[in-house]
Protein chains: 2
Amino acid sequence: MHEILIEEKILARNDEIASENRKALKGKGIYSINIVSAPGAGKTSLIERMAGELKTLGVKFAVVEGDLEGDFDSKRIERHGVSALQITTGRACHLDAHQISHALPWVFGQDGIELLVIENVGNMVCPAEYDLGEDIMVTVMSTTEGDDKPYKYPAMYRGVDALVINKIDLRPYVQFDMDYFKHGVETLNPGVLTFPVSCQTGEGLLSWYTWLRTVLG
Amino acid sequence: MHEILIEEKILARNDEIASENRKALKGKGIYSINIVSAPGAGKTSLIERMAGELKTLGVKFAVVEGDLEGDFDSKRIERHGVSALQITTGRACHLDAHQISHALPWVFGQDGIELLVIENVGNMVCPAEYDLGEDIMVTVMSTTEGDDKPYKYPAMYRGVDALVINKIDLRPYVQFDMDYFKHGVETLNPGVLTFPVSCQTGEGLLSWYTWLRTVLG
């Protein structure tokens, strides 16, 4: 009982800071996306792909990277000419609004950006509970994880604004029933937009970029 | 500061209960394995494979399944003639020793078992901190997650007794540098046993069964 009360206090405080983050980002005219997934689903690969395409579309963006340790992902992103700030969470299995609030001065120092992409820690449970102040949350899942995942990790399908289904190039080699998967998604989050893509081959990504361009206005 | 103190109190209490679980399991002559992984790495598939093979080897075992919601995995296991108890963790991203202590009466009611397999919630962060009272902890990872995972999720590679590298049948289709991966593992956990397998094709599983037979004595 005690533990639950403490957790609710932590979440309430997180929500307050998230609201402040949201207001600050809006004030600067920066749209923000919180990308969540299981480890290895392809969040970083998706952002690497976006780096090339959004440049062509004239959209300048910056990335805040959340990882337990190291700066492997921010280095991957920077190789594509996109600024990235690494947050290391240590033992924490998700980013929180407080960490993002500390990253905002860096974000606001990135000249001319209109989009902030936050790559959360790879985890299909806790990031769902921590609002960071983002405009939209996007879950990336990969076909190799299996078609039962919405049924088993509902929180990360329920509240999200869009779903990227990555690694569709591997479908011939894995058991993945798209109808069963989509039925699970639809039950949790009716009408949610889904983008079947391959960050390896590039298949399907055009729809994703087009939609992003639309939400950015 | 407050949060950290509370967490340490929770972990200390968890460790106490884990010790009691360990003593109780030892008292009944039951060996136990805690299997951890990212979502969709193949824990359940590995246990399904073990169901057939361990029967042949004359090893009777039972399974305790941890999931946020539903009983999909325990049903999959039971189809192979192995008893499985489902624990649903709700919002919690890992099993804890207290939950296992409540499962022990059921475990001890399973006639003639010499092995308990605990399938943890799919999460590459928090299960590392929660001792359940098991004899050994095994991480399952899959080649489709990428070769950088030990560098990014070190806790779940550091303390474990064995590592199953699943989905090696998909290596021709993904970028996975086994040397880079193994270098990361070796740095965190020198000399740890690794079992490259495919739960889809069965490749490599013989070494895994043989080793299991050895640890069971």
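Residues are numbered from 1 along each chain as its sequence is written, and chains are lettered from A in the order in which they are written. Because this is a predicted model, local features need pLDDT of at least 70, side-chain atom pairs count only at pLDDT 80 or more, and totals for chains, interfaces and linings use all residues, while side-chain values use heavy atoms, without hydrogens and water.

Colleague: How many residues does the globule rule take for chain A, and what radius of gyration does it give?

Modeller: The radius of gyration is taken over C-alpha atoms, and the globule rule is 2.2 Å times the number of residues to the power 0.38. Chain A has a radius of gyration of 17 Å, close to the value from the rule, so it is as compact as a globular protein of that length. For 217 residues the rule gives 17 Å.

Colleague: What percentage of the residues of chain A count as buried?

Modeller: Buried means under 20% relative accessible area, exposed over 50%, and partly exposed in between, with a 1.4 Å probe and protein chains only. Of the 217 residues of chain A, the buried share is 56%.

Colleague: Which rotation superposes chain B on chain A?

Modeller: Copies are superposed by least squares on the C-alpha atoms of residues with pLDDT of at least 70 in both. The shift along the axis is 0.0 Å, with RMSD 0.0 Å, and the rotation is 180°. That is the relation of a two-fold axis.
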